[in-house]
Amino acid sequence: NLCVIKYDDLVAHPQATVENIYGKLNMPLSTDFEIKLAAEELKNKTFRSKHRYSLDQYGLSKKLIYDELKFIFDQFGFEK
């Protein structure tokens with residue numbers, strides 16, 4: 001089974017996204033897990049990372065990423 005989700009959806013609406021995945025895969029979602037998802041979503045709404053990363057520090061460039069993953073950019077309509 002395969003379910004494709006957008007990272008932006010996962011970050012913006014983690015509980016709904018996870019519930020959608022479970023539904024598409026016909027997997028039951030326990031009440032305890034739903035409660036944990038709701039609690040994590042509330043906690044994450046105020047989280048702001050203090051980390052800052054650059055492509056250079058990992059030996060990457062925008063061109064390299066685009067060239068290697070062009071099929072994903074095309075499939076989802078991401079900007080080059």
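Colleague: Why does Lys63 count as exposed?

Modeller: In this predicted model, Lys63 has a relative accessibility of 58%. The term exposed applies over 50%, so Lys63 is counted as exposed.

Colleague: What makes the contact of Asp67 with Lys63 a salt bridge?

Modeller: The closest N and O atoms of Asp67 and Lys63 are 2.6 Å apart. A salt bridge requires a Lys or Arg side-chain nitrogen within 4 Å of a carboxyl oxygen of Asp or Glu, and therefore this pair qualifies. Both residues lie in helix 4, 4 residues apart, which is about one turn of the helix.

Colleague: Is Asp67 buried, partly exposed or exposed?

Modeller: Asp67 has a relative accessible area of 45%. Buried means under 20% and exposed means over 50%, so Asp67 is partly exposed.

Colleague: How many salt bridges does a search of the whole structure find, and how do you know that Glu40 forms one with Lys43?

Modeller: The search finds 4 salt bridges. Glu40 and Lys43 are 3 residues apart in helix 3, separated by about one helical turn. Glu40 is partly exposed at 38% relative accessibility, whereas Lys43 is exposed at 52%.

Colleague: Which residues line the largest pocket, and which helix gives the most to its lining?

Modeller: The lining includes Tyr7, Leu10, Glu41, Lys45 and Arg48. Helix 1 gives the most, with 4 residues, and helix 1 and helix 3 each supply at least two. By class, the lining has 6 nonpolar, 1 polar and 3 charged residues. The pocket holds about 240 Å³ of space.

Colleague: Why can Leu60 belong to a nonpolar surface patch?

Modeller: Leu60 has a relative accessible area of 33%. Residues of a patch need over 30%, so Leu60 passes that cut-off. Leu60 is found in the loop between helix 3 and helix 4. The patch, of about 480 Å², is made by Tyr53, Leu55, Tyr58, Leu60 and Leu64.

Note on methods: Residues numbered from 1 in each chain as written. Predicted model: local features only at pLDDT ≥ 70, side-chain atom pairs only at ≥ 80, totals over all residues. Heavy atoms only, no water. Patch = residues over 30% accessible without salt bridge, like charges linked within 9 Å, V, L, I, M, F, W, Y side chains within 5 Å. Areas by Shrake-Rupley, 256 points an atom, 1.4 Å probe, with all protein chains shown as cover. Buried < 20%, exposed > 50% of the residue type's maximum accessible area, 1.4 Å probe, protein only. 1 Å grid on protein atoms, 1.4 Å probe; cavity = no way out; pocket = protein on both sides within 12 Å on 5 of 7 lines; lining within 4 Å. Points joined across faces, edges and corners; volume = space filled by probe spheres on them. Nonpolar A, V, L, I, M, F, W, Y, C, P; charged D, E, K, R; others polar.
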